[in-house]
Structure formats: C-alpha cells, structure tokens
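Student: Could you walk me through this structure by way of questions and answers?

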Amino acid sequence: MMKITKERALYYLLQMCQIRAFEEQAEKSYMAGKIHGTMHLSIGQEASAVGSLAALEPDDYILSTHRGHGHCIAKGADLNLMMAEFYGKANGYCRGRGGSMHIADVAHGNLGANGVVGGGIPMAVGVGIGLKMQNEGKVLISFFGDGAASTGAFHESMELSTIFQVPVVYVCENNQYAMSFPVNKWTNSQRLASFAACYGMPGKAVDGNDLLAVLEAVSEAVKYTRSGKGPSLVVCDTYRWRGHSKSDRNRYRTQEEIDEWKSKDPIERFIDYTMNKKLLTEHDVENVKAQAIEDIENARLFAESSPDPDVTTLEEGVYAPW
Amino acid sequence: MVREITYLEAVREAMTQEMERDKRVFLIGEDVGKYGGAFQVSFGMLEKFGPERILDTPITELGIAGAATGAALIGMRPIAEIMFMDFTTLASEQLVNQAAKLRFMFGGRATVPMVLRTPAGSGTGAAEHHSQSFENWFVHVPGLKVVMPTTPYDVKGLLIESIRDDNPVIFIEHKLLYKTKGAVPEEPYTIPLGKADVKREGRDLTIVATSIMVQRSLEAAEQLAKDGIDVEVVDPRTLRPLDTETIVQSVKKTGKVLIVHEAVKTGGFGGELAAVIAESEAFGYLEAPIIRLAGREVPIPYNRELEYHAVPQVENIVEKVRELVGLKV
Amino acid sequence: MAKEVIMPKVDMDQETGTVVEWRKKNGEHVTAGEIILVIETDKVAVDVESPGTGILEGIAAQPGDVIPIGTVIAYLLSEGEDLPGRQTSASNLDQETPVLKEEKTFRQPATPLAKNVAAAHGIDLKTVVPSGIGAKITKADVVAKLQGEYSEKTDRKVYASPAARRTGRENQVDLTRVEGSGPKGRIQATDVLTFLERQDRTELPVEPQSIGPEVIPLIGIRRTIAERMTANYQNIPHIKFTSRVIMTEFAAARIKLNERATRFDEQKISATAMLVKLVAATLARHPYLNSSLKENDILLHRDINIGVAVALENGLIVPVVKNADKKGFAEIAEEVNDLSTRARAGKLTNAEVKGGTFTISNLGPFGIEQFDAIINAPEAAILAVGATQFEAIPDDDGIIKSYPVMRMTLSADHRIVDGAVAARFMADLKTILEAPILTAY
C-alpha cells in the first residue's frame with residue numbers, strides 16, 4: 001500500500017468531499033426545478049476519480065464520460081464554472097451550451113465529458129496519436145464504464161491503441177450496470193482487465209472504492225505508459241449509489257445491494273484509513289467536510305446569480321473562427 | 001502551359017504539399033501506407049513521410065474517425081480516409097456526434113481541424129455496398145463542412161484549403177473522376193470553401209450539378225449548343241456552406257433550372273437546392289418548375305446496364321434540358 | 001408607420017388641385033424630396049415632392065381628378081408594411097363589394113367625358129367605382145372597368161409562371177386577358193410582354209368601330225379655362241365699347257423706339273409692350289377701370305398690373321407685368337418678351353400669373369379686325385386689341401385718305417363701371433394711342 005503525506009491526504013479527502021457535496025447539491029437543485037434536462041451522478045465513485053487523477057501531472061489530459069463530474073473536479077475544475085454550466089448559464093464552462101453531460105475545459109487538459117457511451121474512447125486513440133507526435137511526454141487517461149466496454153468502439157480503439165502504442169491509460173469504472181443491464185451477465189472486473197492482454201497491453205483490476213489502491217494501480221500504469229511502452233488498462237470495481245440518471249427508478253437492483261455498497265463508502269473508508277494511520281484527526285476531517293460544503297455553496301450562489309446566454313448568440317460557435 | 005495531371009494525382013499532391021508545409025498534418029486510414037491506398041491515392045507517401053505520419057489501420061472506420069477527431073482536438077491536423085463513402089455509415093458516430101459538435105458543445109472552446117476524405121459514386125460495377133453517395137446526410141449536420149470537387153484543378157485547391165480550415169471537413173471524391181485529367185498548377189494554392197464556380201456560362205437554362213454530374217452536364221451542354229440551346233452550368237463545389245448567391249443570380253438570369261446529382265433523388269441534396277432557389281429572389285424569375293434529375297430509387301445494381309441507368313447520364317441531361325427549355329414542363 | 005401623401009396647397013386661395021401626372025407608380029421606392037406627382041392649380045403646373053422616403057402605395061387619384069387640398073391621395077410605406085385600414089384602390093374595383101360602394105356610386109358625380117364614354121359603351125355609371133375619395137368618376141375609371149383592371153383576385157385564378165406573375169404585377173396587366181404559350185396553357189413572362197406590346201400598338205378595344213372624334217380629355221389648363229370662362233361669362237354683366245384708333249403716330253413712335261433699341265442692342269419693343277405702357281398710363285387716371293369687386297366692396301387697386309394674354313398650344317395664359325405705369329417702354333418690352341417666352345415653355349411661376357388688375361388681349365398679329373374678350377375676374381375690364389390695317393377714311397376735309405387703323409374693344413364689368421366711365425376711359429386711351437407723346441403730359 002502506498003504511503004502518502006498528510007498534505008496529500010487532506011487534498012484527496014477534500015476532492016472526494018467536494019465531489020460528494022457537488023453531486024448532492026446538483027441533485028437538490030435539480031429536484032427544486034432549477035436544472036434543465038437530467039444528470040448522471042457519480043455518488044459512490046469518488047475514489048475512482050480522485051485516485052486516478054492523483055496519478056497525473058497537471059498538464060496531462062483526461063477524456064471523461066457522461067458521469068464525469070468527479071473527473072472534472074478531480075482534474076481541478078473551477079466549481080463555480082462547473083455549477084454555472086449545470087445551470088445552463090452564459091458563464092459556465094461551455095457557455096451554457098453543453099450542460100452536465102458535456103463539461104469540458106480543453107485549455108486545461110479536460111477534453112470533455114461525452115453524451116455517447118463510448119464516444120470518448122475512439123477519440124482517446126487520436127489524442128494519444130497526437131500526444132506521441134507532439135512528443136512532450138504527456139499522457140491521457142480515458143475514462144469509460146462497463147457499458148462502454150461492450151461497444152464496438154471500445155474494441156476498435158483497443159486495437160488502434162496498441163498498433164500505434166499511444167500514451168493512454170484506459171480507466172474502466174465498472175459500476176456493475178450499464179444503464180440497467182448488469183455487467184455480470186457477460187463479464188466482470190477481472191475479466192475486463194484481462195481484455196488488455198488480448199490487445200497486447202497490461203491490465204489490472206482493483207477495488208475502485210479504495211482510493212489508495214486506485215492511486216497505486218493508475219500510477220503504475222501512467223509510469224508504464226509515460227515511459228513509451230504503450231497503453232494500459234485499469235479496471236476499477238465500484239458502484240453508483242444513485243440510478244443511471246434522474247429518471248431511473250432502480251427497478252433493476254435491490255435496496256440490499258445498494259445498502260451493501262454504501263457500507264463500502266469510499267470516503268468513509270479513506271477517512272478510517274487516514275485516522276487509523278494517524279494522518280488526519282477528526283478535526284481535520286470535519287474541517288475538510290465543512291470546506292467542501294462551503295465551496296459547493298459558493299458555487300451554487302455563483303451559478304444562481306449568473307446570467308443566461310443571450311438568445312441572439314444562438315448560432316455562434318458552430319464553426320471556427322467564432 | 002500548365003501541366004496536366006489526374007484528379008487522383010492532384011489529391012496526392014495536395015496532401016503531400018500540405019504535409020511538407022505543416023508537420024501537424026498526417027494521414028490515417030485503411031491500407032493507405034504500404035498498399036498505397038485502395039485507389040493508389042497515397043502511393044509513395046509512406047516512403048516519403050514514414051510510418052509516423054502515414055498511419056495504416058485495420059478495419060476500424062469508427063476508430064479512424066475517432067482517432068482523427070481526438071488528434072485534431074489537441075492541435076493536430078489529421079486527414080482520415082474512409083475507403084468507400086458507403087462505410088462512413090460506420091464512422092458517423094464520431095463524425096456527427098463528436099467532430100461536428102465538440103466546438104459548439106464546449107462553448108466554442110475547442111477546435112477540430114480534421115479532413116475526412118472518401119470516394120463516392122457508382123459506375124465501377126462495385127454494386128450496392130461500394131457505390132453510394134451520402135453527401136446530404138453530412139450537409140444536414142451543423143458543425144461539418146462538406147466539399148465535393150469535380151476537376152483536378154478544383155480538387156487540389158479545395159483539399160489544401162480544407163486541410164487548412166479549422167473545422168471538420170467531409171471531402172467527397174468520385175471514383176470515376178480519379179482518372180480524369182486537367183491543368184493543375186504545380187505550386188500549392190487554395191480555393192475558398194463556400195464558393196461556387198460557373199463552369200459554363202449560358203442564357204437559356206441553369207444546371208446546378210455536383211461531382212461527376214458537372215462533367216456530364218458540360219458534355220450535355222456541348223451537344224445542346226449545336227441546337228442553339230445555351231446552358232449555364234453552376235458547380236457549387238462546397239455543399240455546406242452553400243454559395244446561394246451565385247446559384248440565385250444564375251437562375252434569375254435564365255429563369256429555368258435543372259438540378260443534377262448522382263445520389264438518390266428522394267431526400268437528396270437536390271431537394272435542398274430546390275428549396276433554396278424557391279425561397280430566394282430567383283422565385284419571381286422562374287418560368288418553369290425547378291426540376292431535379294438524380295439517382296433512381298434503388299440501391300446501385302450490379303449488372304452493367306442496370307447500373308448505367310440507375311444514375312443520370314449525359315443523354316438524360318440533354319433530354320431534360322430540352323424539356324425544360326421547350327417548356328414541356 | 002405609413003406616411004400620408006396629400007393634395008398640397010400651394011396657393012393662398014387654392015381649394016383644390018388637379019392631378020396631371022404621377023411620376024412614380026404604386027410599389028416604387030421614393031426618397032424624400034423626389035418629384036412624385038405633377039398637379040395643376042389655376043393654370044400653373046406644380047411639381048409635388050415626396051414628403052418622405054418609402055414605398056409609394058395606394059394611389060387614390062388619377063390624372064384629371066380634382067382633389068380638395070389636404071385629401072390623402074397616396075401613402076408611403078416601409079418595407080413589408082400594409083396600407084392603413086381601408087382597402088387599396090385596386091380592391092375598390094372589385095365587383096362584389098357591399099352596399100356602401102353602391103351608395104357612393106349613386107352620389108358620385110362623373111366628368112362629362114366619363115359620362116360620354118360610359119354612354120358610348122352602354123356602361124351603367126353606377127357600376128363604375130371612382131378611383132379616389134372625393135373624386136368624380138373619370139374617363140380612366142370607365143376605361144378601367146371596360147378593360148377589367150388587374151387585381152390580386154384574378155391573379156389567383158390563372159395558371160402562370162412566377163416570372164409571368166411578377167411581370168404582370170409590375171405592368172398592371174390582368175393575367176386573365178393574357179394567352180399562355182406554356183405547357184397546359186401556362187402563361188409565361190414572354191406572353192405578358194407580348195400582350196403589352198400589342199396593347200401599345202392597338203386602339204383601346206373600347207373604341208367604337210366607326211371613325212369617331214379624337215378625344216381630348218378636359219384636364220389641367222383646358223379645364224381651368226373652360227370653367228373660368230364659363231363663370232366669368234355667366235357672372236359678370238359685360239358692357240362692350242369699341243373705338244377706332246388711327247395708329248400713324250403710334251407706329252412712328254415705335255419706329256423711333258426701336259431705332260434706339262437697335263443702337264443700344266437691346267430688346268425690340270413690340271406693339272403689345274407699347275400698349276401695356278400706354279394703357280397703364282391711362283388707367284392711372286381712371287381708377288374704376290383698375291379695380292375689383294369683392295363681395296360688396298369695390299377695391300380700387302393702387303398698383304397697375306397689366307396682364308398680357310399669351311396664346312399657348314393648348315390654351316391661354318395671362319402673365320402679369322407688375323407696376324407697368326412705373327416702367328419704361330424698354331423695361332416693359334423686356335419683361336413682356338420674357339414672360340411670353342416662358343409662358344409658351346410652361347415655365348411661369350404662380351406669382352407671375354397672379355395679381356393682375358387689367359388685361360390686354362392682342363389678336364392683331366392674327367389679322368382679327370375686332371373682337372370682344374371675356375373679363376378676367378376679379379378684374380374690372382379687359383381690352384381686346386385688333387389688327388392694324390389700312391383703311392380709307394375721309395379726313396377732316398372730307399377727302400378720302402388711307403390711314404393705319406386699329407379697333408380696340410373694352411369689355412367692362414357693369415357692376416363697377418358705367419357706360420360713361422368706360423367711354424371716358426376709351427376716349428382718353430384713344431387720344432393717347434393716337435399721340436403717345438401725351439403720356440409725358
């Protein structure tokens with residue numbers, strides 16, 4: 001098990017709490033009728049996001065999914081701008097055009113969330129090709145879920161990745177269900193990890209709710225990839241507490257199952273670990289939690305007071321130049 | 001005297017010259033490397049640029065399109081080749097949902113400067129799965145540009161321009177045009193996207209045609225000239241964005257218009273053109289209905305004769321022009 | 001907002017204006033200040049400028065119509081704007097409009113010409129709609145009814161190409177009268193143009209088969225003269241006095257004056273010009289001949305403004321030499337020449353035909369021995385001057401001699417001028433004319 005400093009511990013905990021608080025606030029705002037459309041919450045998957053991002057350098061890239069709020073926050077996104085985008089406001093990350101499913105900050109290495117399951121994986125190949133040509137030693141983490149692993153896009157991308165030896169770490173967050181389709185009907189985390197071998201790359205399955213386990217596995221993969229040895233795959237076994245989207249009635253799983261996974265809450269587990277190791281005190285934890293809540297509250301206020309986009313600019317931004 | 005090369009050579013020259021000029025440009029597609037490309041378009045390019053910039057792939061249309069999109073997203077300028085336009089069906093998720101939309105979706109804070117080249121069209125006996133033309137599907141997507149060049153001169157200029165354009169461009173070549181020859185300047189040059197070309201001036205009727213149908217229309221025009229019928233042929237060159245102005249001015253002048261394209265008539269690009277004309281100032285100058293001559297309502301058949309009659313040919317164009325000019329419609 | 005184009009008031013005592021010619025059509029874009037219309041007041045044509053910029057629509061007055069000033073006769077619209085409230089003139093011609101229209105027609109007067117044309121073709125005037133509020137039914141309205149004016153409604157019933165419809169609209173052609181050469185009888189633009197060409201060449205189909213008279217509508221100046229003369233003839237009791245004048249000394253004086261004029265390279269002095277001065281000089285001593293009757297008052301004018309009748313191609317106009325008593329022969333000659341020239345070119349201003357106090361009409365150049373003229377109201381009198389001819393007249397000793405003789409006739413308003421007053425004036429004038437030097441007395 002890797003060792004981390006108190007500083008890092010605080011940082012990771014803060015990020016996970018921010019993700020949790022953000023998701024919960026987004027949910028509240030949605031139920032209060034303030035958010036248009038739907039959202040895909042990643043409550044319960046915080047460790048997978050934070051642990052993976054912790055393995056990256058600031059100028060590395062990520063490609064995210066429709067359930068990618070955690071990835072964005074862990075990448076260091078501005079919470080205000082994220083919340084504003086949720087609210088569809090003009091000063092959100094995407095100027096109100098993208099919403100929850102398409103948050104991006106290309107300039108800071110966040111190549112975007114994606115509304116198509118598996119939509120980002122083929123792009124990851126291209127990013128990898130480009131990074132290799134640019135030769136600056138940067139890597140990409142391409143996040144996707146068990147649902148995407150079943151697409152043709154996944155397969156083609158795995159092939160191409162290995163053919164072109166792209167500097168990409170593929171992180172599969174297996175949360176046990178595509179939408180309602182249980183992954184264990186065709187595979188599981190272990191078997192998904194063994195896909196990698198078919199494509200000539202290393203693969204590993206880890207407990208996705210154990211932040212440090214994730215961090216260790218992804219760090220190893222990043223190191224491998226960054227050294228020019230090609231792509232690799234990490235499968236994080238995890239669970240989402242909420243339904244697929246806001247309209248999910250959870251008919252496909254049992255309350256017992258949900259409760260069981262809740263008892264494996266990644267945040268609580270991390271807190272236990274750090275307190276056991278005397279890295280953090282209860283006081284520290286309380287502070288961090290409070291901090292996260294405050295940050296999210298500020299984001300909410302920011303978003304709610306932000307202006308809506310100007311309708312007359314509707315057709316702008318389709319083609320370059322603006 | 002400008003030298004003459006084939007349409008195919010012009011495509012190769014455009015790619016080569018751009019790759020020499022800009023290190024960010026690379027080519028990715030099936031069999032583009034060692035094989036030299038299914039139609040030999042990229043023959044010799046692997047030797048020139050090496051495997052780092054001429055990327056061969058297995059059968060992965062979606063992968064190719066996605067790779068181009070991703071690379072473009074972080075600043076490269078890829079040219080992706082899909083061997084037959086028929087297979088863009090497999091690539092369309094990445095083209096339509098991703099490449100076309102990333103810029104807008106991310107609030108204008110992303111750019112996808114890629115070109116997707118693909119040969120379309122029938123006449124080689126390749127039948128149902130290797131002969132189609134889907135330009136109208138991509139014209140329908142905001143965020144994409146769609147280019148359909150006709151001559152060797154146009155194809156070189158337009159391809160260089162497309163590579164330099166910061167948007168995803170669907171660049172549609174025609175198999176039967178690959179062998180056609182024309183005068184092409186040696187040095188690199190560009191032709192602006194969104195600008196039509198009047199290939200032949202005339203008084204009596206306007207033909208708006210795309211790709212190989214421009215060639216056939218010009219041939220028809222020569223025949224008709226012998227009978228004193230003077231046909232104007234307008235080649236839009238870029239389908240999206242469309243140079244409406246040139247087309248409208250031509251129709252205003254002649255009062256009669258025939259639209260000719262290879263793709264199936266129903267739901268084809270001709271419907272879009274007809275509506276554009278009808279909605280414009282040109283409406284008040286029409287002496288006859290707007291007529292479309294296009295592909296028949298069938299998949300492209302195998303038998304040579306059947307294949308021939310499934311799409312407009314020179315004699316069909318001549319006949320339709322006579323009908324229109326003689327006010328039989 | 002639609003801008004109204006009204007019949008303008010350009011004269012102080014003007015009550016109506018007559019439409020002579022529209023320079024712009026319905027649908028044309030006009031800019032503020034552009035001339036859009038020519039009207040006539042009294043006998044002077046006036047250009048009317050557009051009051052604003054926009055698209056001219058809803059023209060409601062046709063050439064020949066006499067419109068009260070202030071009446072809205074057209075509108076200026078912005079792009080895409082509709083005519084305000086009421087129907088356009090085109091739809092006014094629709095046969096099926098309700099009772100209101102019928103009512104109007106009953107009470108609507110028609111010009112004599114309109115009545116004639118209608119009668120000639122068996123058209124009931126009740127079915128003809130006048131082309132504007134307050135206007136009479138004009139010949140144009142009757143003709144339009146005969147032709148069947150172009151309207152939006154008929155357009156929809158024809159099978160025509162868009163280009164044909166546009167051509168039809170632009171040229172106000174009723175497409176139901178055009179023969180189509182296109183497939184299934186579709187009307188093409190070329191068909192409309194052919195129709196228009198034939199229109200220009202042939203007589204209006206409404207003309208009767210026998211060679212009838214050439215019809216000249218009584219509009220503008222002709223109409224004004226007709227109405228004025230009628231009124232003056234009817235309202236003023238004319239008394240007429242003829243005097244025979246021996247013109248020997250007059251002629252000699254004229255020669256002398258013209259010798260001087262030639263020497264100084266100045267305007268030659270016509271007989272008319274001399275008459276103006278000599279008459280003006282005489283009028284100074286006979287104020288009642290230089291007066292006007294206004295209701296119950298006789299106004300004795302202090303200024304002597306002599307109107308000189310000038311024959312035009314299609315009428316008569318009387319420019320005025322103001323303060324003729326105060327000007328010399330040369331000055332008057334120049335002025336008379338200038339006024340006559342400009343009168344014949346149609347370039348007189350309103351001011352130049354107003355303010356006359358006495359009129360001279362000289363038909364001498366036409367060889368008329370003697371005639372009497374109708375008084376030019378509100379003046380008190382008019383002098384009709386005949387030709388100077390040699391006649392055999394016994395002198396004081398009874399010996400027949402040949403003298404240049406001119407007969408002038410004064411028509412005077414008997415409400416102001418009695419026989420003796422007129423006679424005295426004429427005697428005085430005769431003396432002056434027979435010895436022009438006496439003006440210096």
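Predicted model: local features only at pLDDT ≥ 70, side-chain atom pairs only at ≥ 80, totals over all residues.

Student: Which three residues supply 53% of the area that chain C buries against chain B?

Tutor: Between them, chain C and chain B bury about 750 Å², with 52% of it on carbon and sulfur atoms; buried area is the accessible area (1.4 Å probe) that two parts lose on being put together, summed over both. On the side of chain C, the three residues that give more than any other three are P162(C), R166(C) and R186(C).

Student: How many residue pairs are in polar contact across the interface of chain C and chain B?

Tutor: A polar contact is a pair of N or O atoms within 3.5 Å, where within protein one must be able to donate a hydrogen and the other to accept it, and residues adjacent in sequence count only if both atoms are side-chain atoms. With both residues at pLDDT 80 or more, the number of such pairs that the rule finds across this interface is 9.

Student: Are the ring planes of F39(B) and Y178(B) stacked, edge-to-face or tilted?

Tutor: Rings of Phe, Tyr and Trp (its six-membered ring) pair if their centres lie within 6.5 Å, and planes under 30 degrees apart count as stacked, over 60 as edge-to-face and the rest as tilted. The centres of F39(B) and Y178(B) are 5.4 Å apart and their planes stand at 50 degrees, so the pair is tilted.

Student: Is Y178(B) buried or exposed?

Tutor: Relative accessible area (1.4 Å probe, protein chains only) under 20% means buried, over 50% exposed, and in between partly exposed. F39(B), at 25%, is partly exposed, whereas Y178(B) has a relative accessible area of 3% and is therefore buried.

Student: Leaving aside its neighbours within four places in sequence, which residues is T282(C) in contact with?

Tutor: T282(C) is buried, with a relative accessible area of 0%. Contact means heavy atoms within 4.5 Å, and, with those sequence neighbours left aside, the partners of T282(C) are F425(C), D428(C), L429(C) and I432(C).

Methods:
Residues numbered from 1 in each chain as written. Chains lettered and ligands numbered in written order. Heavy atoms only, no water.
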